[in-house]
Amino acid sequence: MSALARWCYGHRLLVVLLWVAALAGLGIASTAVGSKTSNSFSLPGTESTKALDLLKATMPAQSGANASVVWESSGDVRDPSVKNKMTATLDRLATMPGVGAITSPYSAQGARQISADKHTAYASVDFTKPANELEKADLQKFVDTAEAARGDGLEVELGGDPIQQVQQPGTSSSELVGIVAAAIVLFIAFGSLFAMLLPIGTAVAGVGGGLLTVTLLTHVMSIGEVGPILGALIGLGVGIDYALFIVTRHRSNLKSGMDVESSVVKAVDTSGRAVLFAGGTVVIALLGLFVLGMSFLNGMAVASATTVVFTVLAAVTLLPALLGFIGMRALSRRERRAQTMGGGDRPGFWVRWAGTVDRRPVILSALSLVLIAVLSLPVLSLRLGSSDAGNDPASTTTRKAYDMLAEGFGPGFNGPLQLVAETPAASDQQALQNLASRVSRTEGVAAVVALPAEPGAKVGIVQVVPKTSPQSKETADLISHLRDDVIPPAERGSTLKVYVGGQTAIFDDFAEVLTGKLPLFLTVIIALGCLLLLVAFRSLLVPLTAAVMNVLATAASFGVLVAFFQYGWGSDPLGLGAAGPVEAFLPVIMLSILFGLSMDYQVFLVSRMHEEWVHTRDNRRAIAVGQAETGRVITAAATIMIAVFVAFAFGGQRVIAEFGIGLAAAVAIDAFILRTVLVPAVMHLFGNANWWLPAWLGRRLPHLSVEGPAEPVDESRQPEPIAP
């Protein structure tokens, strides 16, 4: 690392020009080819997938995406002026690219598409392709044409997955708010304009390079629209933090009297190693999502990991070059004057806090565990699923269409189920009719419509409208009840085979599949974390303690997430949607990110403790020095990351808001409770056993230095040992 740092410092202009050229090249290439994100995912073996595959094979027109054009009038929607206006609009929509068929409420087939009070009506739109395969430009033209019919007391809104594809808000404002918040924290922490700008500039360069690369990767693999947004969220947070750790070490070196070049080289050779280790663990954790075998999650993992890789590269190459340009201005004027006059600054608060933790480890450990337990309680009622359009921002057309349909036809109308049946024998059609009659009498079912079969078709479709909304627990229970109790008796004694499908069933199956794989994934990442820390610190208790802390942080952050979104305690007041389930894929993504982020803080904290332990073999002093010297930078880094994550939470997308709030809570719990209180308190209780490793295991483990080359300790620069 020292050779790389010295080269980047000595060729700083060339390094900066290379970064500018790389970003320009990636920008030109990504602009030329454009983005090709895809939100497709598959769930092989599930009932909903079998239903969809059956429709694709036998009735392709029924397998495309569906949307609704909904209108509401202060009078009767059958009034000639309303009817003529909307009929003309629907005729124009029917000729647009990608539209297969439109069923008008003014046709005989669509007679049921007018509400009982006659104030609301909708047209059902069948597209020829799934939503993720439709061209956005065509969808936008479709939306604009429908919305042009508004006016004269007529409200026109659109709903469905294809419409959501073109109304996803951008995140540029969220990124800007996060950067501004980070700048404020950095300026308060450093008191230097240049020291504030460098971590931000380095992170922006890294994230920019990562996102441009992700744009190119969308042409060679499936990456969803959420992928780049998630990559920006994670990359910006960790990128600023990684640069912050190196700049902090550099400033400490300068205050000790080192020249600029030596200080930069040492900062990269020590903190830079920790950045490489921490960034590597984040990337490994994210790529661990591949073990789940789901392309949808693989795309998110690659997008996020790519931005992290670029932020690490920027921290260990671009940052040393920029530090060379600003020289001593990494310190504030007051700090430079104090250095000239022979003064220095000692971390007063953190020394005192380290002494408090040393004197009262039992009480502080108990208080921390009680707080974690309280925060974790809501996780016992965690329910995974998919939030419906009722959680979209109130100003969006999909939310308005959802509310209009729910008010006019009932909440379950927004997520009908499809019973897709194989009917190879003639008698099976009658058996399907009997099943439809039985389903209509099932509790929780509002309406059942048997769709007319095509001549000679060996497939039948029955549409089931639940009484409850698509995201409600009652609807999920209804799906299970139909599959386990209602449908099997109808299949006995016949060749009839029925699958419960539809968008609502697909999301329910998605949640079930991921829930089943969650224990395996959790075991893999915890085991991986223990192995990495075992090699890095050559200790048994350090990795085991970290594993327990990761579980505590995960439980507490998920508890906050459940209370905020599933209970609606925070989402309702802040306009982030009504109470609803946590997104099914969020736990596995969050687990991988939390694993990486918690490893970051564990590495930076324990590496300094381990460095002191190697020099002095004094456990109490090692913990006190490690906490005193890293406490300020860890809490500052956590504050920055929290600001970035919270800023993304208000970008207008519920799923990103869940990530933002969940990760912000996790970082706050990890930095301000676990690493500041619980970890050092527990390590005080363990004593020298923290650093014990069986001799036979030590001989077999490879040597990995996170702290860099060992150097003699300067006792005069360390906080005084804590008195017993």
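I looked up the second largest cavity and got a space of about 50 Å³. A cavity here is a set of points on a 1 Å grid over the protein atoms alone where a 1.4 Å probe fits but cannot get out, and lining residues have an atom within 4 Å of a point. Points are joined across faces, edges and corners, and the volume is the space filled by probe spheres set on them.

This is a predicted model, in which local features need pLDDT of at least 70 and side-chain atom pairs pLDDT 80 or more, while totals for chains, interfaces and linings use all residues. Residues are numbered from 1 along each chain as its sequence is written, and side-chain values use heavy atoms, with hydrogens and water left out.

I listed the lining of the second largest cavity: Trp-350, Leu-605, Gln-627, Thr-630, Gly-631, Ile-634, Ala-671, Arg-675 and Thr-676. α21 (619-649) gives the most, four residues. Helices are DSSP runs (H or I, at least four residues), numbered from the N terminus. I sorted this lining into four nonpolar, four polar and one charged. Ala, Val, Leu, Ile, Met, Phe, Trp, Tyr, Cys and Pro count as nonpolar, Asp, Glu, Lys and Arg as charged, and the others, Gly among them, as polar.

I then turned to the largest cavity, which holds about 130 Å³. Of its 15 lining residues, Asn-550, Thr-554, Leu-594, Phe-595 and Ser-598 are the closest to its centre. α20 (586-616) gives the most to this lining, with five residues. By class I noted 11 nonpolar, three polar and one charged.

Key
On a 1 Å grid over the protein atoms alone, a cavity is a set of points where a 1.4 Å probe fits but cannot get out, and a pocket is an open set with protein on both sides within 12 Å along at least five of seven lines; lining residues have an atom within 4 Å of a point. Helices (H or I, at least four residues) and strands (E, at least two) are DSSP runs, numbered from the N terminus.
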